[in-house]
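I am opening a notebook on this model.

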Amino acid sequence: MKKMKLFMDTVVDIQVVTRKSDDQTETAIDRAFEAFRKVEHACSRFSQDSELMEACRQIKTPVQISPLLFEPLKFALEVAKWTDGIFDPTVGKAMEDMGFNQHYLTEETVQSSSSDAATYRDIILNEQDRTLYLRKPLVIDLGAVAKGFAIDLAAHELKEFEGFVVNAGGDLYAGGVDENGSKWRIGIQHPEHKEEMIQTLEISNEAVCTSGSYERKSALKAGMHHIINPISKQSSDEWISCSVVAPYAMMADAFSTATFLLGLEHGGTLLEQADLKGILIASDLQIYQIGGI
């Protein structure tokens, strides 16, 4: 069975291999889609009434937040520490300033007040009471973790089936086996020829997520795309795309962005330290493989 819906500015495609009844399968798929809806409402930077944006308006005040916001934010901060701030969820204001501030459904724009000097160190999470404390005005962007988090929650709802794929615009988790009882064959899209695959992987119970410079370009500044270095406020042109294979989609999602920002030497070291696999495509279309893919 296969179903598609629109969430998080992308088509979410769920495919299930099973001998269970259609009703059972459809119910589970609907629960998986519901995970996307809940995470989007919790983590969206584009909706003023999202849990994230409401929390961001509370400065120097502890705000209790749900696990749907706390967990991806906690992971984003861990990756920020690991990369010394090259990956930083407070990049939201820089993204707004580059024109990445329009809701994909309503077309409403968001323009927030923020301190230019804000970094991930200005976000304090208290695990005991699950509160968020902001030291100064800032805009949190969870685009590099929230989709992966939603994919993981959706995959959890489908774990009873022999096989399934949760594909959110090319970021995906493939569980079990395909209809032939084999590992899932997953293609990595060619960055310049979208109808072609530049690499093919065989995976089972793993996630693949890609960060690329070719999907979302700034309408306000030439040469800028949505993967912005939070320190220089510029977009790297060393890579066209970076795909990471990991046990969980949130991990693959975050590390593909972090690796893209760090570049070949430091990004490759990061993947090796995390024991992850990656496919990096340079601007000259040269392919670098990390971790024995």
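**Entry 1: a tryptophan and its ring partner**

I note at the start that this is a predicted model. I began with W82. W82 is partly exposed, at a relative accessible area of 42%. I then looked up its ring partner. W82 pairs with F255 edge-to-face, with 5.5 Å centre to centre and 90° between the planes. F255 itself is buried, at 3% relative accessibility.

Why does this pair tie together parts that are apart in sequence? W82 sits in helix α3 (residues 67–82) and F255 in helix α6, so the pair links parts 173 residues apart in sequence.

I also counted the aromatic pairs, and the total is four. Ring pairs also join F7, F33 and F36 into a cluster.

I moved on to F87. This residue lies in the loop between α3 and α4 (92–97). Is F87 buried or exposed? It counts as buried, at 5% relative accessibility.

I listed its contacts, leaving aside neighbours within four places in sequence. Among them are A76, V79 and A80. A144 and V145 are also on the list.

**Entry 2: the eight-stranded sheet**

Next I traced the strand order. Eight strands make an open sheet, ordered β1-β2-β6-β7-β10-β11-β12-β13, and the pairing is antiparallel. Which strands are at the edges? They are β1 (2–7) and β13 (287–290), each pairing on one side only. From one strand to the next the twist averages 10°.

I looked for what packs on this sheet. Helix α6 (residues 249–273) does, and it touches β7 (171–176), β10 (206–212), β11 (239–246), β12 (277–282) and β13. The direction of α6 makes about 120° with that of β11.

Then I went through individual pairings. Strand β2 (residues 10–17) runs antiparallel to strand β6 (residues 163–168), and six bridges join them. In that pairing I14 stands opposite V166 of β6.

Six of its seven residues are buried, so I logged β10 as mostly covered. On one pairing, β7 and β10 are antiparallel over three bridges. There Y173 has A207 of β10 as its bridge partner. On another, β10 and β11 are antiparallel over six bridges. There C209 stands opposite V244 of β11.

**Entry 3: the three-stranded sheet**

I found a second open sheet. Its three strands are ordered β3-β5-β4, with antiparallel pairing. Why is one side of β3 and of β4 left without a neighbour? β3 (63–64) and β4 (123–126) stand at the edges with a single partner strand each, so one side of each has no neighbour in the sheet.

Four bridges join β4 to strand β5 (residues 131–134), and the two run antiparallel. I124 stands opposite Y133 of β5. I also checked α3 against this sheet. Helix α3 lies across β4 and β5, and runs at about 125° to β4.

**Entry 4: α1 against α3**

I looked up how helix α1 (residues 22–43) meets α3. The two pack at an angle of about 75°, and their axes are 9 Å apart. That angle makes α1 roughly perpendicular to α3. From α1 the contact uses K38, V39, A42 and C43. From α3 it uses L68, L69 and P72.

**Entry 5: cysteines**

How many disulfides does the structure hold? The count is zero. A disulfide is a covalent bond between the sulfur atoms of two cysteines. The cut-off I need is a sulfur pair within 2.5 Å. For C43 the closest cysteine sulfur is that of C56, at 11 Å, which is too far for a bond. C43 is buried, at 6% relative accessibility.

C242 is in no disulfide, and its nearest cysteine sulfur, in C209, is 11 Å away. At 0% relative accessibility, C242 is also buried.

Methods
Residues are numbered from 1 along each chain as its sequence is written. This is a predicted model: local features need pLDDT of at least 70, side-chain atom pairs count only at pLDDT 80 or more; totals for chains, interfaces and linings use all residues. Side-chain values use heavy atoms; hydrogens and water are left out. Two strands pair if DSSP finds at least two bridges between them. Axes are lines fitted to C-alpha atoms, for helices over the stretch in contact, and angles run from 0 to 180 degrees between N-to-C directions. Contact means heavy atoms within 4.5 Å. Rings of Phe, Tyr and Trp (its six-membered ring) pair if their centres lie within 6.5 Å; planes under 30 degrees apart count as stacked, over 60 as edge-to-face and the rest as tilted. Buried means under 20% relative accessible area, exposed over 50%, partly exposed in between (1.4 Å probe, protein chains only). Angles under 35 degrees count as roughly parallel, over 145 as roughly antiparallel, 65 to 115 as roughly perpendicular and the rest as oblique.
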